[in-house]
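Open the structure in your viewer and keep the sequence panel beside it. The tour moves one selection at a time.

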Amino acid sequence: MTYKHLPPIGDKFCAIQRFRYCAQKNIFRHAIQSIFGGHNDSFQCLIKEHYLLGEQSIDTGLILSINAHLWGLIFPLISYGNASQKKYLLPGLLAGDIIAGHAITEPQAGSDIKALCTEAIATETGFILNGHKRFITNAPIADMLLVYAKLNNNLSAFIVERNDLGATFTETSEVNGCSTATMGEVILQDCFIPSCRLLGKVGGGNMMIQGALELERAFIFAGINGIMKWQLDEVINYSRERKTNGVHLGHNQAISHKIAEMKLRLDSCILWVNECARLKDANKRISLASAQTKLFASEAFLQSSLDTVQIMGSNGLIKNNIISTFVYDALASRLFSGSSEIQKNIIAALLGTGDGFKSHNY
Ligand SMILES: Cc1cc2nc3c(=O)[nH]c(=O)nc-3n(C[C@H](O)[C@H](O)[C@H](O)COP(=O)(O)OP(=O)(O)OC[C@H]3O[C@@H](n4cnc5c(N)ncnc54)[C@H](O)[C@@H]3O)c2cc1C
């Protein structure tokens, strides 16, 4: 598959077009059974496709948007949805006609999901939701979001549609990094959600967040690895062409060693993502591997983005040059889907030490 003819980057309507272009290439159908409209192929196939997208689009924001849709709603729906929810929603989600994401973070609660305040109250025919979600990928373009809210003090998951009375999906560009992904807030004011849009069991939200984030952490770097490959190719070419003191830049060991380290980081990230795919394809757990992958790959992406700028000198900092934007993208990658510190907590907890990861999830 080729992603070389993506529509241009621009406003949120361009973001929708780029998203739909990828959907038309069937990017959302990998690792999904054919009974659900998928390709019936493996996670190995999924990561190959995402790598291609990363290498050809060199667009971290697009990768973030694609991943928010995939792990934020498609996979939770396949795992926890009932037959009619799947029948009603999966065709549109897989085709990209419906755009989605998930809304967990709130102004006072990021890493600590115990502190989430969005509240759901049960009525005879559904639920009334009140709350405020922040930093939500795809919110400005999403038709629906999986919103996590506390019902009787336990988290549950609700499919909230853009047109629901009392729901507002705003557009805010609050962060530097991944700027081509649209981001916004979700305001819920006495928003009525019919019973049929509760996803999974009442009180099952905590487990669903864990499952969604495990997958996102494991596989979001499949696409970003493609960008790291592009960075490597750029610095290799630059080091061959650029001359200092009569020799090409790469002749300096200080530069060639940086490039060697970039190669090592890239290949290590690829190995980690492959390991997660191998485990998923073998129906094995990925709790530890996905935290390790996310931690290693986001730190690697940051170091390689810094090295790319350094190798290119001031040329790497020229405004409107994509090269330096990856530094911010990489900083964002150390935070989204759970920060590097939280991944260390998870790894330590799974080794039977450190602070229990069940209390710090995102
Ligand atoms: C580009 C981008 C896209 C995002 N998309 C989404 C989305 O689609 N949906 C969504 O719900 N959220 C999204 N987020 C929000 C993101 O998940 C949170 O920013 C993240 O979980 C961290 O929360 P926080 O920013 O509130 O930081 P805090 O939780 O306030 O943490 C601040 C700092 O303290 C550290 N820290 C916190 N607790 C601990 C601890 N127990 N041990 C050690 N260190 C700790 C953190 O690592 C961090 O360095 C996105 C964020 C970004 C940047």
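Helices (H or I, at least four residues) and strands (E, at least two) are DSSP runs, numbered from the N terminus. This is a predicted model: local features need pLDDT of at least 70, side-chain atom pairs count only at pLDDT 80 or more, and totals for chains, interfaces and linings use all residues. Residue numbers start from 1 along each chain as its sequence is written.

**Stop one: the ligand.** Select the shell around the ligand. A residue is near a molecule if its C-beta atom, placed from the backbone, lies within 6 Å of it. There are 24 residues around the ligand, and Ile104, Gly110, Ser111, Ser339 and Glu341 come nearest. Strand 1 (102-103), strand 3 (126-137) and helix 9 (340-350) each supply at least two residues of this shell.

**Stop two: helix 9.** Which residues of helix 9 are buried? They include Ile342, Gln343, Asn345 and Ile346; buried means that 20 or more other C-beta atoms, placed from the backbone, lie within 10 Å of a residue's own. Seen down the axis of helix 9, its buried residues fall within an arc of 155 degrees (taken from the directions from the helix axis to the C-beta atoms), so they line one face of the helix. Just after helix 9, select Gly352: its phi is positive, about 85 degrees.

**Stop three: helix 7.** Helix 7 (287-312) is part of what covers the buried residues of helix 9. Pick Ile311 in helix 7. Ile311 is buried, with 25 other C-beta atoms within 10 Å.

Note on methods
A residue is buried if 20 or more other C-beta atoms lie within 10 Å of its own, exposed if 12 or fewer, and partly exposed in between; C-beta atoms are placed from the backbone. Two residues are in contact if their C-beta atoms, placed from the backbone, lie within 7 Å.
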